[in-house]
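Reader: I want to learn how to read a ligand site. Where do we begin?

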Amino acid sequence: MEELGHYINGKRIAGASGRLGDVYNPATGEVERKVALASTAEVDAAVAAAAKAQPAWAATNPQRRGRVIMKFVQLLERDMDKLAVALSREHGKTLPDARGDVQRGLEVMEYCIGAPQMLKGEFTDNAGPGIDMYSMRQPLGVVAGISPFNFPAMIPMWEFGPAIASGNAMVLKPSERDPSVPLMLAELFSEAGLPDGILQVVNGDKEAVDALLDNETIQAVGFVGSTPIAQYIYSRATANGKRAQCFGGAKNHMIIMPDADMDQAADALVGAGFGAAGERCMAISVAVPVGEETADKLIEKLVPRIEKLKVAPYTAGDDVDYGPVITAAAKEKILGLIESGVKQGAKLVVDNRDFTLQGYENGYFVGPHLFDNVTPDMDIYKEEIFGPVLSTVRAESYDEAVDLVMKNQYGNGTAIFTRDGDAARDFASRINVGMVGINVPIPVPLAYHTFGGWKKSGFGDLNQDGPDGFRFYTRTKTVTSRWPSGLKEGGEFHFKAMD
Ligand code: NAD
């Protein structure tokens, strides 16, 4: 059986800890390969080698670094199909979704080609007589990226793109559930000309993560995953004096106003609720129709659409709507929450609890489910389900709907469907959520904006991507300089006056 190791100093190496994890094909439930789980010593060695390589990369001029990234983008395009198949095989998402995963990461890399623009700093001429003042952005050194299973191409690139473009070296610890694609990305980056040691990929579990959090050389940690782990990583990294940005889970609401185009809203909800089996941090998991009539109309439109969804492995063709969830444990958790919803009194309008797929009985497929009459005290409302389950919470008024979103512990994404400009504008301005869609169900910002949630969806004060990505992976140094000729012009006096 294939055994995946690590990617260190420009090549794949086998793991040395003797510990291995199983990598499943979620469509069949079979273990298809093994992945090495790194020991603390292996992580520390990867970090030490990155620290050796980093100064030369930082000293390479930024446009030259940009050219390596440009070449990497070309190689991603060349290998798009290969990457998508490797991704679907381990994650289970459809091929178009897998291509989207690579594409969204690629767009961040494209943005990073412009690193010279982002890093050029500020300058004040004549801050005092003969005195100039300038600020520059310098890389932090060696940084760590820790990523989740649900976007094994895009999220590692969100993390290593701006980090490496800024002149850092990154040690990436991808999800142990689908480790093939991050290793392939590192190989392609080497082929593009990235010097050895600048992108190290260390596979592993909690032991590897803790080793990164405690390693003194690591200056910053970028994390994306579930909220409890985000909180844990944020506290441990910052307690160890590191910079940290940790993005967590979500419970994204979509408000449907009575004046919304109901067909459009229903189509949007089906795509945003069930696409990628609901395993997206920007998935809509709660529909909030305003008014009983709106709710009845919406349910009527949703049911036939949901019943038509094709749930199958990615190999069954491009018309598959979504595939299996990631693990047996994830499937069990989702089905358990569905049971709890029924027990706690929600109305299960589309019920696929007995869903099985012929020939794939051991796969982790979960049929689509729609709940109506969900209330905020129910577990299906409170917990992030991360599966193909859409809950409907009926609100009597716009204010009640907004209040629901405001009070939710998560604040990643939200949307409103309406034709009323006033309501839309009020919503965008008032809501305490990081990313807002107006008649757009999954408002993922493009690479040159920033991505990040509020409340328990994000810890740390800078977002990912866009200008914030560069701010997070650099620090500012400000130099004040005076040359002797400045003194001749009465610089002494002015210099004192400036203090
Ligand atoms: P996860 O938190 O289980 O794992 C994320 C990473 O943390 C993995 O690399 C994993 O190995 C590591 N990890 C897991 N348990 C750990 C522990 N106890 N100690 C140290 N490290 C540990 O998340 P997941 O299941 O891979 O991904 C799904 C979650 O990620 C969902 O909650 C989803 O909402 C969230 N997510 C958030 C965003 C965002 O931008 N906010 C984006 C994608 C996914």
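Predicted model: local features only at pLDDT ≥ 70, side-chain atom pairs only at ≥ 80, totals over all residues.

Author: Begin with the polar contact: a pair of N or O atoms within 3.5 Å; within protein, one must be able to donate a hydrogen and the other to accept it, and residues adjacent in sequence count only if both atoms are side-chain atoms. Here, a polar side-chain atom of E384 lies 2.6 Å from an oxygen atom of the ligand. For E176, a polar side-chain atom is 2.7 Å from a ligand oxygen. G225 uses a backbone N or O atom, 3.2 Å from an oxygen atom of the ligand.

Reader: How much of the ligand's 840 Å² does the protein bury?

Author: Accessible areas come from the Shrake-Rupley method with a 1.4 Å probe; for residues, only the protein chains shown count as cover. The protein buries 86% of the 840 Å² that the ligand exposes alone.

Reader: Why does the ligand lie between domain 1 and domain 2?

Author: Domain bounds come from an automatic or database domain assignment. Domain 1 (2-248 + 457-479) and domain 2 (252-438) both give residues to the shell around the ligand, so the ligand lies between them.

Conventions: Residues numbered from 1 in each chain as written. Heavy atoms only, no water.
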